[in-house]
Amino acid sequence: MPRDSTKHTFLVATILCLVCSLVVSGAAVGLRQKQQANKELDKKTNILSVAGLYREGDSVDEQWEKVTPRLIDLATGEPVDPQMIDPESYDQRKAASDPSMSVEIPAEHPLPGIKRRGKYAEVYEIYDGGRLDQVVLPIYGKGLWSTLWGFISLDSDFNTIRGLTFYEHGETPGLGGEVDNPDWKQQWKSKIAYDDSGDVQIEVVKGAAPQGSDSQVDGLSGATITARGVSALVQYWLGEDGFGPYLDRQRSNGGQDGQ
Ligand SMILES: Cc1cc2nc3c(=O)[nH]c(=O)nc-3n(C[C@H](O)[C@H](O)[C@H](O)COP(=O)(O)O)c2cc1C
């Protein structure tokens, strides 16, 4: 077959496509386990970081021994029987789009832009000398362009914030992406989540938070929509339709649910 014929060109292009698709699909399948392991490592690192426990260079698995993951029923705050749902395989994101595993988000406790949420959520309890020291909660909600996925850590008084971090979002770098700015994240530390009557008071304000405020965090300049989204999602997850029942339960039993 002459090399410059149409047939030859198509033959070469077809073989090239086949080889490339085999390489790409082979890599995708072969690396799936590694990707999964890296995702798990990243999640653990973020949880340890928001809890202020992450030490770079030390084994994450060793540091993770301090953390007790627990799957809870958001409606009651009670731990879910592992015989009923395997915490290892429960995926809160997938559950939100499965009608049998999710519930509608009520209008009176909105999570803007999100209609359903999984019935269950994994919480991460951190014990120190047998006493619950802090609890890390997964949080998510809409910003301007994307869903922001993160964690918030609460002290054993279930009121003082120890830290907040987002590990995945698609907000604009330099604008909404400033949610990753360490100085901004630092502001969340030691803020008080609830007022004296138990209502969520923590909020991100527009502009600078009043000096000395223990319940307000600075807005994000040029990114009011992202900032408003963060405020709303934190308020939702700390509220009655989010982790409220779990936190109430912990408060009433003095954090003795686990261990
Ligand atoms: C290219 C581009 C990217 C933007 N990215 C964001 C963003 O990530 N988050 C956000 O809240 N606003 C973003 N904005 C700005 C919003 O459109 C809106 O103007 C802003 O949230 C208003 O905030 P301000 O009142 O602090 O100026 C972006 C605007 C442009 C033009």
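Predicted model: local features only at pLDDT ≥ 70, side-chain atom pairs only at ≥ 80, totals over all residues.
On the side of domain 1, seven residues are in contact with 14 residues of domain 2. About 870 Å² of area is buried between domain 1 and domain 2, and carbon and sulfur atoms give 73% of this area. Two residue pairs are in polar contact between the domains. The rule also finds one salt bridge across this interface. K43 and E122 form a salt bridge, with their closest N and O atoms 3.5 Å apart. The residues with which domain 1 touches domain 2 comprise five nonpolar, one polar and one charged.

Around the ligand are L144, W145, E171, T172, L175, G176, K206, G222, A223, T224, I225 and T226. By type, this shell consists of five nonpolar, five polar and two charged residues.

For K206, a polar side-chain atom lies 2.7 Å from a ligand oxygen atom. For I225, a polar backbone atom is 3.1 Å from an oxygen atom of the ligand, and for A223 a polar backbone atom is 3.3 Å from an oxygen atom of the ligand. The ligand taken alone exposes 620 Å², and the protein buries 56% of that.

Conventions:
Residues numbered from 1 in each chain as written. Heavy atoms only, no water. Contact = heavy atoms within 4.5 Å. Buried area = accessible area lost by both parts, 1.4 Å probe. Salt bridge = Lys/Arg side-chain N within 4 Å of Asp/Glu carboxyl O. Polar contact = N/O pair within 3.5 Å; in protein donor to acceptor, adjacent residues only side chain to side chain. Nonpolar A, V, L, I, M, F, W, Y, C, P; charged D, E, K, R; others polar. Near = heavy atom within 4 Å. Areas by Shrake-Rupley, 256 points an atom, 1.4 Å probe, with all protein chains shown as cover.
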